[in-house]
Amino acid sequence: MTDNLGFALEGAWKVLFAGLVLGAGLPLLFALGIRSLAWGAGGEAEVHESGVTGPKSQPIGTVVGWVLFAIVLLGIVLGITFIVASGFGKALSFEHIYPTIVDKH
Amino acid sequence: MTQASVVLALVVVTALAFDFTNGFHDTANAMATTIATKALKPKTAVALSGILNLVGAFLSVQVALTVTNAVVKIQNSNGTPKESLVSDGGSALLLIILAGLVGGIVWNLLTWLLGLPSSSSHALFGGLIGATIAGLGWAGVNWNGDGSKLDGVVGKVLLPAVLSPVIAGVVALVGTWIIHRITAGLAARHTDQGFKWGQIGSASLVSLAHGTNDAQKTMGVITLALIASGDWTDTKNIPFWVKVACALAIALGTYLGGWRIIRTLGKGLVDIAPAQGMAAQSSSAAVILASSHLGFALSTTHVATGSVLGSGLGRPGAQVRWRVAGRMITAWLITLPAAGLVGAAMWGVGHLVGGLAGALVVFAVLVAASLAVWFRSRRTPIGSHNVNDDWEPVAPPAAPADEPARVPVTAAHGGV
């Protein structure tokens, strides 16, 4: 019982950490991407006083926005890779920082 | 056809039936928020989720046969059944599996009727634990593992059940809060399109992961039954037809869409805005994948529910219906013992009658219970047409009598 509690709490911290990085971190980047796109589009995308035209469009915002989306997409690809790998009895290893596929032990 | 092969056939059919209930019970985990925020039309959402479950199930190339080892001691560590249980053509083991599966299905159907998202793996484990206690006594249950890793009923079922909704809730809360801070001041029609795609992406990940994780359990159970009856010997592989049958069963179940549960999770718990939906689904996907990477067994249902609650707490001004949440948590608490009681009772009945007749009686009870639940559910039908109706009845100004279909929907969550 106490052994299990120890293992569970240990696992829980890791899951919480990874969950925050991926589950809240990627949405953070995604939201920043949306913000950048809106900044890039200007005009009606942002809430502004009625009667005046919205802020000018900023092309750099559009670029930054899509770069951020690309990073989020990489995160999703990583997730799919993990699911597929685990189906084949493999696991992802992060020991080289960048993920590699290894045999599940 | 010998008696033993008829019993085996009953076990296989019952296992596939469980897989099917597992599908529709868990559609909500991936798609409830996507449907509630109208990112996808209800039918489109369940179709997408069904297809991804099918793909996910076929991705399970290496299936662990030791799925029951987490909670009961009916298998050796290499996946073969305990010799003492297969001495008489496997009938002792088959009865435990059959009774356990019936326990899981009956509980899944009852909670579906009540629209409560409860864990299908808890129902399966509960049924197996109950049948094992009835058949082999308390010592047949792996309560705590051997202390070398997270294992047993406590380590694989109870502790993760307490921890996982909290973890998912915290992640979703943080995510929701951040998204709202960042996108504050943007025109909603500009942001919602983005959140829509974010939701579809993260919900798809959850569906795919669900297919690989949950279909495997049934594949393992069916193969165990085949080994017990002597129809299969390879412990490294599973028969291809088992994989196809399980993949189809879970995908069809998902496509059927457990609308009652989708409604509770998408509309009942929290009124979800697109940004919250995206935060909740991202949290679910990340927590499910991370925990499965770290070998921390948890239930998709508990994670999804925790995420939705967290997204409700994270948005300023959003309201969480704690009464609904309380009912859900109660259902979680009793899932394991309730499914266990049914499993134990079924084992008792099957054992008392004995042999093929016993298995047939157990199967007949399952069919009768399923039909009863189905007919009861027709009184308050919930489907893709009304899944997104307002949770609280909007003070019906003397509901017109020519619209009887509306009334049961609002009554459905009163306490049926």
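1. Start with the core. The largest nonpolar core has 160 residues, and those with the most contacts inside it are Leu94(B), Ile97(B), Leu98(B), Val102(B), Ala225(B) and Cys246(B). The largest share of this core, 18 residues, is contributed by α1(A). A nonpolar core here is a set of buried Ala, Val, Leu, Ile, Met, Phe, Trp, Tyr and Cys residues joined through C-beta atoms within 7 Å. Buried takes 20 or more other C-beta atoms within 10 Å of a residue's own, exposed is 12 or fewer, and partly exposed is in between, with C-beta atoms placed from the backbone.

2. Some ground rules. This is a predicted model, in which local features need pLDDT of at least 70 and side-chain atom pairs count only at pLDDT 80 or more, while totals for chains, interfaces and linings use all residues. Residues are numbered from 1 along each chain as its sequence is written, and chains are lettered from A and ligands numbered from 1 in the order in which they are written.

3. Back to Ala225(B), one of the core residues with the most contacts. Setting aside residues up to four places away in sequence, Ala225(B) touches Leu8(B), Val11(B), Val12(B), Leu94(B) and Ile97(B). Contact means that two C-beta atoms, placed from the backbone, lie within 7 Å.

4. Now the interface: 51 residues of chain B are in contact with 42 residues of chain A. On the chain B side, the elements giving two or more residues are α2 (42–59), α5 (152–183), α6 (188–228) and α9 (274–293). The largest share, 15 residues, comes from α5(B). By class, that side has 28 nonpolar, 22 polar and 1 charged residues. For these classes, Ala, Val, Leu, Ile, Met, Phe, Trp, Tyr, Cys and Pro count as nonpolar, Asp, Glu, Lys and Arg as charged, and the others, Gly among them, as polar.

5. Ala24(A) is worth a click. Ala24(A) sits in helix α1 (residues 2–41) of chain A, and it counts as buried because it has 25 C-beta neighbours inside 10 Å. Leaving aside neighbours within four places in sequence, Ala24(A) is in contact with Val171(B), Val174(B), Gly175(B) and Ile178(B).

6. On chain B, α2(B) has 18 residues and reaches 26 Å from first C-alpha to last, close to the 26 Å expected at 1.5 Å a residue; the expected span is 1.5 Å times one less than the number of residues. Its buried residues include Pro42(B), Leu48(B), Asn53(B) and Leu59(B). The buried residues of α2(B) pack against α2 (59–87) of chain A, together with α1 (3–36), α6 and α7 (240–256) of chain B.

7. Chain A reads α-α-β-β along the sequence. Helices (H or I, at least four residues) and strands (E, at least two) are DSSP runs, numbered from the N terminus. Strands β1 (residues 90–93) and β2 (residues 100–103) of chain A run antiparallel, joined by 4 bridges; pairing requires at least two DSSP bridges. Leu92(A) has Ile101(A) as its bridge partner. In this hairpin, with 6 residues between the strands, Ile97(A) takes a positive phi near 70 degrees.

8. As for annotation, an unreviewed UniProt entry places "transmembrane region" at residues 12–34 and 63–85 of chain A. UniProt positions follow the numbering used here, feature names are shortened, and annotations may be inferred rather than shown by experiment. In the model, residues 12–34 of chain A are 100% helix, with end C-alpha atoms 32 Å apart. Residues 63–85 of chain A are also 100% helix, with ends 33 Å apart by C-alpha.
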